[in-house]
Structures are given as C-alpha cells and as structure tokens.
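Reader: Please take a close look at one part of this model: the ligand and its surroundings. I would like one connected account.

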Amino acid sequence: MPIAKQIGRMVEASAMIKAMFEEGARLKAEHGAQNVFDFSLGNPDVPPPAQFKQVLKDLIDDDEVNHGYTPNPGIAAVRQAVADYLSAEHGVPFLADAIVMTVGAAGALNDIFKTLLNPGEQILVTAPYFVGYNQYAVMAGAVLKSAPSTADFHLDPAAIEAAVTEKTRVMLINSPNNPTGAVYSKSELDELGAVLERASYRFGRRIYLVSDEPYRKIVYEAEVPSVFQSYPHTIVVNSYSKELSLAGERIGYLAVHPDAEDAGLIAGTAGFINSMLCVNAPAMMQRAVARLQGVTVDISIYQRRRDILCRGLADAGYEFTVPLGAFYLFVKSPLADDMAFVNLLKEELILAVPGVGFGAPGYFRLSYAVPDATISGSLEGFKRTRKKV
Ligand code: PLP
C-alpha cells in the first residue's frame, strides 16, 4: 500500500464521517438544500463583525503592509497585541515571547503536541471530546487516552487522577466544550490543577495542561474562568474561527503561562515547530486580528438559536443538559444505538452527528450554527422521530 500504515488507519477511521457528509450532500441534491436540516457542521454562519471588513480595507490601503513571510512565531507587534489583551483578561503578565501565532486552534494544537510529546507518550482528555484530537495526537506520534466526565459532562477529578500514568505528558481540556456546551467552573479547574500537581510529583515529571478555548467568547449567562489562575503549567490554545467567524481564514494562537516550568523553552520550540509545519500563520489575518482584540460576533444570535432548539426538543421529549457555551447541543439518543437513531432522523431530512464519534455512544450532537429557519423547520421532524421510537 502506498499510504503510510498509521495514516491509512486514520483514513479508514474517518470513513464513517465521510460517508455521513456524502449522504448529506446526496440528500441536499435530491431534496434541495433548503429542505434538508443540516446540524452536522461546526462552521459558523453568523457574519464576522462589521469592524473586520473595515480593518481589511484599511490593511489593503496601507502601503506599509507587505505580503512576505513573517517571523515564524508571528509578527512581533501582533504577538504583543495578543499578549497585552491576555494580560488584562487573565491577570497574568504575558510578554510577546509567550505567544505563537498559528493556523487556527488546530495549528496551535499540532505545534504544542509536537513540542511536548515524545512518541508513545499520552495526552489525557475527558470524553466526550472533539474528534480532531485523535488526529492531532497521531500527527505528534502520541497516544490519546480518555477518562470519563461526570453525568452532566463536567470534570471528574477522581477519574482523571485514576487515568494518569507515568506516560501522561499532557492533560487536554476544552471549555466551553465541543460537543457538550459545558463550561468548567473555577472550582473544578482548581481541583484539576491540584490533581495535576500531585500526579506530576508522583511520577517525577511535569504534566502540562493544554486548554483548548476556541469557544471562550461564545457563552450564555456564564463566565469562563481563567485556567491560568488554576494551574501555572498551562498552555492556552485559542483561535478566531468562532469568536470572529473566521474559520476559513485560519488564524489562532497559543499562549504559554510565564510561570510554567520551562516556559521560554516551550514557547520558543512551539514557534520553531510552527515554522516546520506551516512556516507562519497567514500574514494579513495576523495583522487583522491584532486590531480586533476583544471584538466578537453577535453572541445573542447563538443564544436565540440555542433557546429555540432547546425549547423545541424539550417539548418533543428529548433529554439534554442546556449548554452554557459553544454552539452545540449534546442530546441523549432515545435509542441506545445512536447511529441507528441518527439514521432515523435522516428519514426526516435531519442531519446530526452520532455521539460515538466523540467517544460518547448513546448521544448525538446538533450544531446550532445554522439559520433560525433550519431549527424551526426541523422541530416537527424531531417530534415524529421521537414518537417512532
Ligand atoms: N478545538 C475544538 C474544540 C474545535 O471545535 C475546533 C473546530 O471546530 C478546533 C479545535 C479547531 O479550530 P480551528 O478552526 O481554530 O483550527
């Protein structure tokens, strides 16, 4: 076989998702896209804030702006702008050196995993988790291992402590969470910090916390506590894909806590890895986001959609925890076989993702990054499918 064995296995593992998308495309071709209720993608449809267009126009008109390579970890002034914003947001004094501008959160995760993990070492994550993590782990030659979360999808410190081994190098968390919408509280982050401190001592080796936060700004009646305050050996990964609806423009960053063990070495090496993987993050987008620190899309649009969807599904008899952040609803499948239930929904032209893809069989995920009309138009179909089973 011309394909590397491990990559071949990854391609096979993603066959289910590929088949699902192909089936969705077939249904849209057959019935018309407007008649298919597609909740499968986390691709933001809310427009970027008006300031984004203006900033791009300003950059185009600025003769000082060039389109050459940038320094590998990012343009100095851009890293400084991010560092200043994070210092104020988290109450931690970041220097520009602690920041690496990346190709989205995905680029940042690839950089930091490659930086921290030797082949065969483990990344510990709580299930359910974002599907991409398996792929990033493979790209780093690492092993993704999962510990269960609590029944309402929060951190379970005892389960995490039991799952840590001498091979655990990174604990990976994601809050607000994809696929559950859970937002971790300050006290659970503090408890996690204590678990990681104890485990690092027990195994005689620092375990780093990587906090993947692309949905940090998409929260409803909730605050996302600063994870840097709970554990200093933390690297935050973030992106502008969701908070500015720039997913296709591929821009994000990673930030290393200044008090993390070997912080300078880690940030410097992550910048070096960035050069090996992608040379540098897109130059125009670096310059654009530097001028848009603290600006976000209109979050009330997602909140309205969440409320319409939650009300409709609760009326139809579905069970779920109301999400406090991100734009996903993780629903208990009325059939134990979530794949079979997702297929039943398809008969109503509703596309959802089975929980098994997130390491959580018995659930399905709905993305409400879709127009209001998609949500309201689907509710009768959800009701009929619920009655069928
Ligand atoms: N992490 C999580 C939890 C995500 O949901 C996604 C994308 O959906 C990513 C990382 C990758 O985001 P980006 O587009 O910034 O690479």
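Author: This is a predicted model. Start with the lining of the largest pocket. By class, that lining has 17 nonpolar, 12 polar and four charged residues. In total, 33 residues line this pocket. Nearest its centre lie Gly42, Phe130, Tyr136, Asn178 and Lys242. The volume is about 740 Å³. Three helices each supply at least two residues of the lining: H2 (15-31), H5 and H6 (132-139).

Now the ligand. The largest pocket is where the ligand sits. The shell around the ligand holds 14 residues. Ala105, Asp212, Tyr215, Ser239 and Arg250 come nearest. Sorted by class, this shell has six nonpolar, five polar and three charged residues. Helix H5, residues 104-116, gives the most to the shell, with three residues.

Asn178 uses its side chain, with a polar atom 2.8 Å from a ligand oxygen. Arg250 also places a polar side-chain atom 2.8 Å from an oxygen atom of the ligand. How much of the ligand's accessible area does the protein cover? On its own, the ligand has 400 Å² of accessible area, and the protein covers 91% of this.

Two of these contact residues deserve a look at their backbone. Take Asn178. This residue is among those nearest the centre of the largest pocket, and its side chain has a polar atom 2.8 Å from a ligand oxygen. The peptide bond from Asn178 to Pro179 is cis, with omega near 25 degrees. Pro179 lies in the loop between S5 and H8. Pro176 is found in that loop too, between strand S5 (168-174) and helix H8 (186-203). The peptide bond leading from Ser175 to Pro176 is also cis. There, omega is near -5 degrees.

Then Arg250. Arg250 is not a glycine, yet has a positive phi of about 60 degrees. Its place is the loop between strand S7 (234-239) and strand S8 (252-256). Arg250 is one of the residues that come nearest the ligand, and its side chain has a polar atom 2.8 Å from a ligand oxygen.

Conventions. Residues are numbered from 1 along each chain as its sequence is written. This is a predicted model: local features need pLDDT of at least 70, side-chain atom pairs count only at pLDDT 80 or more; totals for chains, interfaces and linings use all residues. Side-chain values use heavy atoms; hydrogens and water are left out. A residue is near a molecule or strand if one of its heavy atoms lies within 4 Å of it. A polar contact is a pair of N or O atoms within 3.5 Å; within protein, one must be able to donate a hydrogen and the other to accept it, and residues adjacent in sequence count only if both atoms are side-chain atoms. Accessible areas come from the Shrake-Rupley method with a 1.4 Å probe; for residues, only the protein chains shown count as cover. On a 1 Å grid over the protein atoms alone, a cavity is a set of points where a 1.4 Å probe fits but cannot get out, and a pocket is an open set with protein on both sides within 12 Å along at least five of seven lines; lining residues have an atom within 4 Å of a point. A molecule sits in a cavity or pocket if more than half of its atoms lie within 2 Å of its grid points. Helices (H or I, at least four residues) and strands (E, at least two) are DSSP runs, numbered from the N terminus. Ala, Val, Leu, Ile, Met, Phe, Trp, Tyr, Cys and Pro count as nonpolar, Asp, Glu, Lys and Arg as charged, and the others, Gly among them, as polar. Grid points are joined across faces, edges and corners, and a volume is the space filled by probe spheres set on the points.
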